[in-house]
Amino acid sequence: MKRHLILEDGTVFEGLGFGAHATTFGEIIFHTAMTGYQEIITDPIYDGQMIVFAMPVIGAAGIHAEAYESVKPAIRGMIVHDLAEVSVNRQRRMNLDRFLKQHNIPGLYQVDTRKLIRHLRETGPQKATIVDFADDHAVDQLVATVLTNKQVQNTATLKPYANPGRGRHIVVIDFGLKHGILRMLGDYDANVSVLPYTTSVDEVLTLDPDGIILSTGPGDPRSLPDSVLTLIRVLQTKAPLLGIGLGHELFALANDATLAPLSSEHHGMNHPIQEIISRQIFFAMQGQGYAVDNDSIDRKKLFVTYRDLVDGAVQGLRHREYPAFSVQFFPDAAPGPLEATAVFADFFETVEDYVEHHS
Amino acid sequence: MSNITANNVLFIGAGANDFGREAEYDAAIYQVMPELRGHGVNVYLIDENPYSLSLESLAATAIWKPLTVENIKAVIKQYQIDTVLPLFGGERALRLWSQTVQAWSHGDGPVPQTLGLTIDMLLRVNNVAVLTSMMADAGLPVITNHVAKAQEDANELLREIKLPLMVRALHPNQANTRQIVERLDEFETAVKSAKSQSMTQEIVISRAINGMKEISLEVLRDFRGNKMQIGASEDMDPIGIHTADSLSVSPTLTLSDQILEKMRFYAFQVADLLELRGVLHVQFAVDDLTNAIYIIKISPYIDQMASRMALVTGYPVMLVAINLAMGVALEEIVLSHDFGKKMAMMEPMMDHVTVKLPIFPFGELEQAGVSVNRQLNSIQKSVGSTIGFGRTFIEALEKAIRSAHFNNASFSPTNMSHSSDDALIQQLIHPEDNRVLLLVEAIKRGYEIDELAELTNIDEFFFYQLRHLLKLELEVEQQVESVEALRRAKKYGLSDGLLARFWRTNFKNIATLAHENHIEPTFKALEPSAGEFPENARQYYSTYEEENESLPVSEDTVLVIGSGAFRMGDAAAGGYATTIVLSELRRLQYHTVIMNNNASDATLLQNLADKQYLEPLEISDVMKVVALEKPIAIIVPGNRRKLIDALADLKQNVLILPKEKHVPNGPDDTETEFALNVFSDGHNIYPINITQHMTGELRIVPEIAQLPIQLAQTHLENPGVYQVIWYQDTSEWVKHVDVPDISHDTWLRPMPFGQMAFMSKVMQVQWLRMTVRALLARMTSQDSELLTNVNKLTLQADVAMIASDINYALHLQPTQMIDGTRFEIGVGIKYDEQIKI
Amino acid sequence: MANKEVLDNASLQRALTRITYEIIERNKGGEDLVLVGIKTRGEFLAHRIADRLEQLEGVRIPVMAIDITNFRDDIPDHHDDLGLNQAERLNISEKNIVLIDDVLFTGRTIRAALDALIHIGRPKTIALAVLVDRGHRELPIRADFVGKNIPTAQNEKIKVFVQEIDGKDAVEIVH
């Protein structure tokens, strides 16, 4: 049936509904990745957001057990141009339409997504809603709606849990962890403890970690309590530390850098990222609304290790004194180019080195 | 900033057109030669193809000679070539350069450096066995061939490789048949039969990949080892059907990110292994059930995939490739203002769907009474392809079909309904050229999608799409003149013509109905950022959505209608003609807009026209562009009679490039065809020369041509080059021939584009450019002077145009001889040995 | 039997990158840092690390190469020739030296290098970076920065390939 997408600035787009017949509110962003829609819509970093896909045909690859980034989708809505119908059978046990229905998330298709994206690239992200009728009432309601800034609280674990392995002991501080990180740790047979971000220093250190990961997560890192930054300041001196996505932003904040929202958010996997030390260029999944302000970096504490060659944005930092580093992009390659997974290889080599020198 | 020192760089061209060798190489060379000159080097090109555009480029010193090792060596010596670029001339140039290097002797001086690939790698690339084992050693998933002689060894391999297997003879004594063994009880027989076909009683066993998905990736690598993916495409048809003969979709639609990332990783590893500085096409087989991936072919050079990816993504593949070859790092490539500043190093993203549809020559051959084997298999049968652009698969497919089959009666849905169920099943298993229609017919008859998917090894996605299309068509057909139906139909790319047929009216009424209800096409820019960045796009395709991005180019625009896909006959020269027309229009300072749908020639190069529309070329498509651009003139090739009439009917200013509907037959073995070639500027007729055409060869008769009085008094209103044709029973090359009276034994026809290309090169007179000037009444006094004396120019009778050696038997298995003129695919040249070049 | 690759090109680059990062960690600010490469491959590795430091910090750290053939105690009649002329000999007094070699084995090469360094100046500190530590030490010497620990048997040989002279970057066990 005909449904509508309304943006906060009053722009209305018409389309056909799929997924759940629900009315939702969220912040709308666009994504240029051509593959990995299932990973993207289940990635907790998109908690509370609506995603417009530039890729015009979505759904043909079905929904697969191995492509979940969390057990349920985090998004509030999905806007696509063409929804591909696929059957549900032995190979494809679930399809996109059914999946969204199950999780009560609305989708909209047959939308002029290129027009919408060209519009959003000018306005930046804004509030949006998917409704049946685009009347004044709906617009008023959208304007009046206050979106939550508690996305981390929504998605991160409240209780510690383990993902046991026989290798090095890695503590993951969870800010809205995606499965890809656990999958990568599994590849190294790491013995993983996932802890809530409210964990105390002592709780972490009692576990005697060989390495620490600050996970990815949704939203604005500045909305988190200062205790998180204190935690990071101590942990970075105790064991090799890797911050990813939101974890990178927190690592920067903990070391006195500041963040600035990007004028246009960047969600995709086609920007060249350069490893400054080797000048090598590679590509990775990126999803960021904020970037570390280059000028705010205290060069006595941190130095920049990776940069986005398109907009120059900081994509990685490293501490001058400790084996602590961070990346803005997603090195778990779920979805995204595999070359980025070298970051995990770096991390585990650092962990080995650390264990070697401290045993 | 290049890290290569080079002074004189030689391109080796691709030579005559053939199956799998259209004009993509020539287009690539044409595009990159000026870029290379920008690096401060002297550019040279050797090619033999009379239809080559590059040979007429001012950016290089062109050497028009047959492509042989001797000629390449001679050119290297004569021009002090220090650097050779074989990667733009396809497989043939690569092989030629390898042979040249291997034939290099001490006295020849230092071997010129090779750009892009080291000589060592070049030699490996040319040796499949070496290449395969190199990849296998590096841990890459290649299909390895195992040789066995004894049955026991074969049995061991059976356990090792597992079913299904492919068994074939090593050193076969005749045509090699491949047998697919799917059941254990078939194995022994297959081994026996393969052994009997082998001269050494040895067999080759490998894993069978028939029926798997075929996927292509295009990647690039710079000298620092930076790598990037340009694009990917998936064939609808499974492995077993040659990729050129497959319907192919880009971007890939049915593959998961995980599979594609794995392929990307492998492709990068291959690029590293080859230490490539350039672009690489890797073909993969994917087993959908197990997710196993195999590398089946690698092409570390420009090929059809490279040119297709350039067109469908908007990424300047060729310009980047030449920079990579010159040792410029990816991040330091500076593109012209036509392209985004950081475009070279951003992976292109697509927000549109493209469908490539192969063009088969079966219909035309049938009309001429030649029947061929129409069954698609691992040997290429298609001669060209078109691309449809849209925002959905169906829209892109509809546009591709419309581009490919605008006058093909055999590609009609009504034909299908007559075949029996048995015939249908047989054709599903052994597909022919019309398989898309067949799949629709099968759905229509109620076959279940999973049955069909299993029978054909085609992904279910495509059946769902076709079922959707079928449903749409049936609904639309019933809702005569419904605005809602019209809106839906347009969204999925159904043409005004098709709707007119459904509703038993003509396309003008459909267009009017759409217009009255504000159902208007919106043109979307084709650019590689998928909307992320403001673009400076020149390429557009139509769809029916909300926002139109295309604004009229100017008030003095000339619209040029391209010649579409390559077909047998004159079409290989069609792309040449279109490109020259565009170039001349620009020289005359018109703004130009081109409509075309062929990725394999130069017509759609971004800098050749002010705007490109990637569209089918039916009247309704053309009129939509006309409505927006309001051109002052539309240039159409003369063989598009229906389009010309329809445009004239709509009061458009149509300028016709004279061309016959079909390429005329060539002379048979017993006769000679003579042609008196003349130029008409619309007022007067000027003699040019006389040509003699015997089977497979055409030469200029070394005498000054005069105009018969009758002809001098005739008026040929449409400017162009024409021929008066007559036949004689001669089997010798003549030095003189009497032009007969213009009578019922002679006839007048436009000179085929191919001969115009040849004649322009031989005479150094640009006949197509002259024609364009005449069409637009822009002839100069120099032109008139030239025309008055053109028959007295030194006659170059030493160079002949020869039909190239096309292996019709291998590709088409025709029941009788194919007329190489009427169904020409490629031509070359030959110099008369007595006369010094 | 074919050689076994234990570090491929990408891992070798990563190892050098990590060593560089660790050098930064231990030498805050990089002041008074001098890289000393042991000829032949250590010298190339030293330059690679200097390149990396320059990419990050925009400063070129001095690199010196030393030939310690003449300092080895297992070579009879050794004498004190570093194989350097005066121009190549850097002032290393009061500097923080990172000594760089490709493979750490018995430790005798390093001992010789230490002798050589002390012979020409009085460094403030000397640290050791090696691409590969293969074990079997005969002297109390330990590397501060290790690219990769590769446990080996005595009878095996480790070969480090570098682009500059070998045409590729890799580490292989040679049989």
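A salt bridge is a side-chain nitrogen of Lys or Arg within 4 Å of a carboxyl oxygen of Asp or Glu. This is a predicted model in which local features need pLDDT of at least 70 and side-chain atom pairs count only at pLDDT 80 or more, while totals for chains, interfaces and linings use all residues. Residues are numbered from 1 along each chain as its sequence is written, chains are lettered from A and ligands numbered from 1 in the order in which they are written, and side-chain values use heavy atoms, with hydrogens and water left out.

**Exercise 1. Describe the contact between C:Lys168 and C:Glu172, and state how accessible each residue is.**

Step 1. Start with the contact. C:Lys168 and C:Glu172 form a salt bridge through their side chains, at 2.7 Å from N to O. Side chains of opposite charge can pair when their charged atoms come close.

Step 2. Buried means under 20% relative accessible area, exposed means over 50%, and partly exposed lies in between (1.4 Å probe, protein chains only).

Step 3. Apply them. C:Lys168 has a relative accessible area of 32%, so it is partly exposed. C:Glu172 is at 8%, so it counts as buried.

**Exercise 2. Work out which elements of chain B are joined by the salt bridge of B:Asp272 and B:Lys227.**

Step 1. The side chains of B:Asp272 and B:Lys227 meet at 3.0 Å, N to O.

Step 2. Place each partner. B:Asp272 sits in helix H8 of chain B, and B:Lys227 in strand E11 (residues 227-235). The two are 45 residues apart, so the pair links distant parts of the chain. Helices (H or I, at least four residues) and strands (E, at least two) are DSSP runs, numbered from the N terminus.

Step 3. Check accessibility. B:Asp272 is partly exposed at 32%. B:Lys227 is buried at 14%.

**Exercise 3. Describe the salt bridge of B:Glu261 and B:Arg264 and its place in helix H8 of chain B.**

Step 1. The closest N and O atoms of B:Glu261 and B:Arg264 are 4.0 Å apart.

Step 2. Both residues belong to helix H8 of chain B. They are three residues apart, about one turn of the helix.

Step 3. B:Glu261 is buried, with 6% relative accessibility. B:Arg264 is buried too, with 2%.

Step 4. Over all chains, the structure holds 75 salt bridges. One network of salt bridges links A:Arg114, A:Arg118, B:Asp351, B:Glu527, B:Glu547 and B:Glu549.

**Exercise 4. Locate two cis peptide bonds, one in chain B and one in chain C.**

Step 1. In chain B, a cis bond joins B:Ser250 and B:Pro251, with omega about 0°. B:Pro251 is in the loop between strand E12 (248-250) and helix H8 (257-273).

Step 2. In chain C, the bond from C:Lys39 to C:Thr40 is cis, with omega near 0°. C:Thr40 is in the loop between strand E2 (33-38) and helix H2 (41-57).

**Exercise 5. Find the loops that hold A:Asp256 and B:Asn291, and give the phi of each residue.**

Step 1. A:Asp256 is not a glycine, yet its phi is positive, about 75°. Its loop runs between helix H9 (246-254) and strand E15 (259-268) of chain A. A:Asp256 is partly exposed at 43% relative accessibility.

Step 2. B:Asn291, also a residue other than glycine, has a positive phi near 65°. Its loop runs between strand E13 (278-286) and strand E14 (293-299) of chain B. B:Asn291 is partly exposed at 33%.

**Exercise 6. Outline chain C, then place its annotated motif.**

Step 1. Chain C has four helices and eight strands. Along the sequence, the pattern reads β-α-β-α-β-β-α-β-β-β-α-β.

Step 2. Of its 175 residues, 50% are buried.

Step 3. An unreviewed UniProt entry annotates residues 97-109 of chain C as "short sequence motif: PRPP-binding". UniProt positions are given in the numbering used here, feature names are shortened, and annotations may be inferred rather than shown by experiment.

Step 4. This span is 15% helix and 62% strand, and its end C-alpha atoms lie 16 Å apart.
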